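Welcome! Have a look at the sequence and structure below, and then let us walk through them together.

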Number of protein chains: 2
Amino acid sequence: MLNIEEALSDAASLALEFIRSEEEKPVAPYRTPEQLLGDLDLSLQEKGLDHDEFIQLIREVLAFTPKTCSGCFYNQLFGGRDAVATLAEILAVVINTSMYTFKAAGPHVLIEQEVVSRMCRKVGFEHGDGILCPGGSIANLLVMAVARNEAEPGLRETGHSGRPMTVYASSESHYSITKSAGVIGIGRANVRQIRTDPSGRMDVDALNRAIAEDISAGRLPVAIVATAGTTVLGAFDPVADIAEVAGEHGVWLHVDGAFGGSVLMSGEHRHLLAGSEKADSFIWNPHKMMGVPVVCSAALFRNRAHLSANLYEQAEYLFQTEDDELNPGTRSLQCGRRNDAFKLWAAWRYHGDEGYERKVQKQFALARYAADRIEADGDLALTFYPESINVCFEVAGKSSEQICQSLRERELAVIGYGVVWGHRVIRLVCLNDALSTADIDDFLATVKAIAADLPPGENDI
Amino acid sequence: MLNIEEALSDAASLALEFIRSEEEKPVAPYRTPEQLLGDLDLSLQEKGLDHDEFIQLIREVLAFTPKTCSGCFYNQLFGGRDAVATLAEILAVVINTSMYTFKAAGPHVLIEQEVVSRMCRKVGFEHGDGILCPGGSIANLLVMAVARNEAEPGLRETGHSGRPMTVYASSESHYSITKSAGVIGIGRANVRQIRTDPSGRMDVDALNRAIAEDISAGRLPVAIVATAGTTVLGAFDPVADIAEVAGEHGVWLHVDGAFGGSVLMSGEHRHLLAGSEKADSFIWNPHKMMGVPVVCSAALFRNRAHLSANLYEQAEYLFQTEDDELNPGTRSLQCGRRNDAFKLWAAWRYHGDEGYERKVQKQFALARYAADRIEADGDLALTFYPESINVCFEVAGKSSEQICQSLRERELAVIGYGVVWGHRVIRLVCLNDALSTADIDDFLATVKAIAADLPPGENDI
């Protein structure tokens, strides 16, 4: 049986092999699912494997694993690899901390408190509290449940009364808002999709009218969701203006900063979130622009009582030492909970605020560079001049979908498209601050070369 | 700036130091939170650290980190360390896969499908489907939301109608059932806590009466939760009998096998879950008895359409290649999702079913050994002869709470108590199959020695 020293040594060798392969070949070999199932024997069996067979199989799986940390992966709202955060996350695996109590997690509870507290102060929640969640969708779900319970006291105990409730988010908001409404029982149809301006920012007048209409129809507005960094365009809803509307109607204001929350680290760009201190809640995923391994997501609340009031359960078998304040299981959705704090804390301690400021600046600078290059190129059409780090564009007369697929099949880059005003546009997310302007040049040249090989195509839908 | 090769090398050295310290000193130094805040400078700052300062700080944090993998940690429903699963989990950190699409996750999507499919077959869901979730509480929440939506068609779209809904779980069920009822809007007070027999198994007649009463009062029963492995006693509700009641009333049957689901790996013990194939859903946490790093939790459904029907959202910016079947983001609560499949798949592939069968057998054998020793000892009182691997007992005339606290303060063991029929009892969870019967002897001798030093105490509450 493999012992832990051997396992650590094998893990280190396989990790190094993988990292070196990223440099040699930054895109994994293209295989269809059917081909992969033919190439790899993934089946679980009655009998186990010996050490050599096992290592060989792991090596084969890694060979076909998408290289999400390489310089050619632009497909998602995360990218690159932070060495310090990776180090700490590996240690988190080895110490195997579960984050419900101080008794079981010790200093890691204090570490999470420090991280949450500093994030709250960046938002402007001077006396706030929060909790790390397994991703932005679940963080949004948690916030929406809390907002709903606060809107109708007693609901947590006795259940929905049947009074129709509504949530407001822009038509460019993340799909987890609708999904969560279907899960927590508000109903998907009760999420009002508020229209946006051409650059993807919520129309505040339309929001105001929608709320007034619902109130006069007897519905109970439970939350407005302002998106800070939309998924496709990276647009920022005007939080300060929305906060006024929320204040007038007495509706909970939530800022979904899963993607864009990290602009708070930049003196130059934090104005995009002006007004966030007036929100009731804020989510922010450091696994996106701050580059820690997936997942790391904070749900932050201006009023520190809200989490416990909506999540506390008595469980003497678990919460039996120290004050509840030190037992985060009293205010998390989870019981057993992975330690997502250590990686963020370690990287933040190492880089400092100033390191993250530089990182965010670099991402914005890369995006501006890419946008300027695209604007100056007659073969390319910039969708909008980016508000943040998503650069959306088309190649004149060619299908964005086919270009993305061709880049993937030819193992040149992994990137996706989005839909903006009825057009499919290529979405270049400038998250990886290890890239240089020369890499952006190379990428755009590759896109044009691939597009040249494709037949004429349409992006209208 | 630290590069990734150095970071991997640092991580390997620090991990080895930590693992060696477990052998030398299996319990971390006891510190109060105040002392820790004095000993460690955890504060995040404007400036970062240099490499040496950083490594020194990480080393200090590790020195005070509870050793959850050591032979003296009995505090939770996880324990020990599986070398192979640790290896794969470290690689999961390095490859940084997010599990929404085949395009981003490649073979890891197929790996999760293989794991889920094999788990479904062990449960008896021949055509089932499932998804890995970040812990049992969220898996229970997901299942309860699905069951509720299925009980009242249209609810996902239009929201709760206000018709009172009820959920049934034993008084020994996990607190996540009540918590989830408060989050998804059923209401905490609508969870019926069904009484149990003295060994902690749900009273099926009482369940039947409670459902009949609610139905005649016009309430809508949406789910029965059978607990397979209660938190304190490790008791198994009689699933086959409960399935009959569920069938009679047409109510969704969910098995919460977060803790006990792994008995399905043992030919000798899987009878504890007889009838599970009749359930509608089943959750099972391999991070507990199967020993993979936290967290790893599967939510399994007999009808493979249920997940997608209750979670699917259109998101062209994400789901743009391959069929939805290969894009697990179409049927998960999360969007970005950590890769919890790889560690389980790797360990299962290495150990085979037969390895897990041995592991579960060993846990049961250790528990029986401990129970027999306690029964034979006049100073100790066994609470019940264990149905599975939790051995609950008292030391005659001494406070269980004080004994647990004293073991922790003297850095001898980390263990907790539970309440059984109004008594605080020490809960010895025999999860760590690296332990021998001699370790159990040592542990019991330590408990008796510590208790001898304590004043007389009470366990009645």
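## Where the two chains meet

Between chain A and chain B, 72 residue pairs are in polar contact, both residues at pLDDT 80 or more. A polar contact is a pair of N or O atoms within 3.5 Å; within protein, one must be able to donate a hydrogen and the other to accept it, and residues adjacent in sequence count only if both atoms are side-chain atoms. On the side of chain A that touches chain B, helix H1 (residues 4-24) gives the most, with 12 residues. Helices (H or I, at least four residues) and strands (E, at least two) are DSSP runs, numbered from the N terminus. That side of chain A has 76 nonpolar, 43 polar and 30 charged residues. Here Ala, Val, Leu, Ile, Met, Phe, Trp, Tyr, Cys and Pro count as nonpolar, Asp, Glu, Lys and Arg as charged, and the others, Gly among them, as polar.

There are also 14 salt bridges between chain A and chain B, a salt bridge being a side-chain nitrogen of Lys or Arg within 4 Å of a carboxyl oxygen of Asp or Glu. One of them joins B:Glu89 to A:Arg338, with the closest N and O atoms 3.9 Å apart.

## How to read the model

This is a predicted model, in which local features need pLDDT of at least 70, side-chain atom pairs count only at pLDDT 80 or more, and totals for chains, interfaces and linings use all residues. Residues are numbered from 1 along each chain as its sequence is written, chains are lettered from A and ligands numbered from 1 in the order in which they are written, and side-chain values use heavy atoms, with hydrogens and water left out.

## A tryptophan at the contact

A:Trp345 touches residues of both chains, among them A:Ile111 and A:Val115 as well as B:Leu42 and B:Leu57, not counting residues up to four places away in sequence. Contact means heavy atoms within 4.5 Å.

A:Ile283 lies in strand E6 (residues 281-284) of chain A. A:Ile283 counts as buried because its relative accessibility is 0%; buried means under 20% relative accessible area, exposed over 50%, partly exposed in between (1.4 Å probe, protein chains only).

A:Asn432 sits in the loop between strand E11 (423-429) and helix H15 (437-453) of chain A. A polar atom of the A:Asn432 side chain lies 3.0 Å from the backbone nitrogen of A:Ala434.
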